[in-house]
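Here are some comments on the charged side-chain pairs. Please read them with the structure open.

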Amino acid sequence: MEPGSSPLTTHVLDTASGLPAEGLCLRLSRLEDHGQQWTELRKSYTDPDGRCPGLLLPGQMKAGTYKLSFDTEGYWQKRGQESFYPYVEVVFTVTNETHKFHVPLLLSPWSYTTYRGS
């Protein structure tokens, strides 16, 4: 799938090294059952540029609450680095399924930042 065709994308940058976070495992879930249960939609890994294109197929996005779970502990362990956060969960709401959503993550062993990108 072309990266631009997915309605949801993410990009993870390792701010400690100044490089993209390659090989970071992440899971995309949607809150279902009237807000009672998370349903995993996709498990994936960031590419050499720290991106994870194609999280959802075109038309797969629907209004609701989503969660991106990043396995930060696994990422840092592979690099022989101690870290404070074992995982990062970014929960966000989609109210208009025709929009595109970009959820970047800036990551270090001791902190993280996220925002709605474009």
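1. A salt bridge here is a side-chain nitrogen of Lys or Arg within 4 Å of a carboxyl oxygen of Asp or Glu. Keep in mind that the model is predicted.

2. How exposed are the two partners? Asp49 has a relative accessible area of 37%, so this residue is partly exposed. Arg51 is partly exposed too, at 35%. The class runs between 20% and 50% relative accessible area.

3. By the salt-bridge rule, the count comes to 4. Two further pairs deserve a comment.

4. Arg30 pairs with Glu32 in a salt bridge. Their closest N and O atoms are 2.7 Å apart. Arg30 has 10% relative accessibility, so Arg30 counts as buried. Buried means under 20%. Glu32, at 23%, counts as partly exposed.

5. Lys67 and Glu89 also meet through their side chains in a salt bridge, at 3.6 Å from N to O. Which elements does this pair tie together? Lys67 sits in strand S5, residues 64-70, and Glu89 in strand S6, residues 88-94. The pair therefore links parts that are 22 residues apart in sequence.

6. Is Lys67 buried or exposed? Lys67 counts as buried, because its relative accessibility is 11% and the cut-off for buried is under 20%.

Terms used:
Residues are numbered from 1 along each chain as its sequence is written. This is a predicted model: local features need pLDDT of at least 70, side-chain atom pairs count only at pLDDT 80 or more; totals for chains, interfaces and linings use all residues. Side-chain values use heavy atoms; hydrogens and water are left out. Buried means under 20% relative accessible area, exposed over 50%, partly exposed in between (1.4 Å probe, protein chains only). Helices (H or I, at least four residues) and strands (E, at least two) are DSSP runs, numbered from the N terminus.
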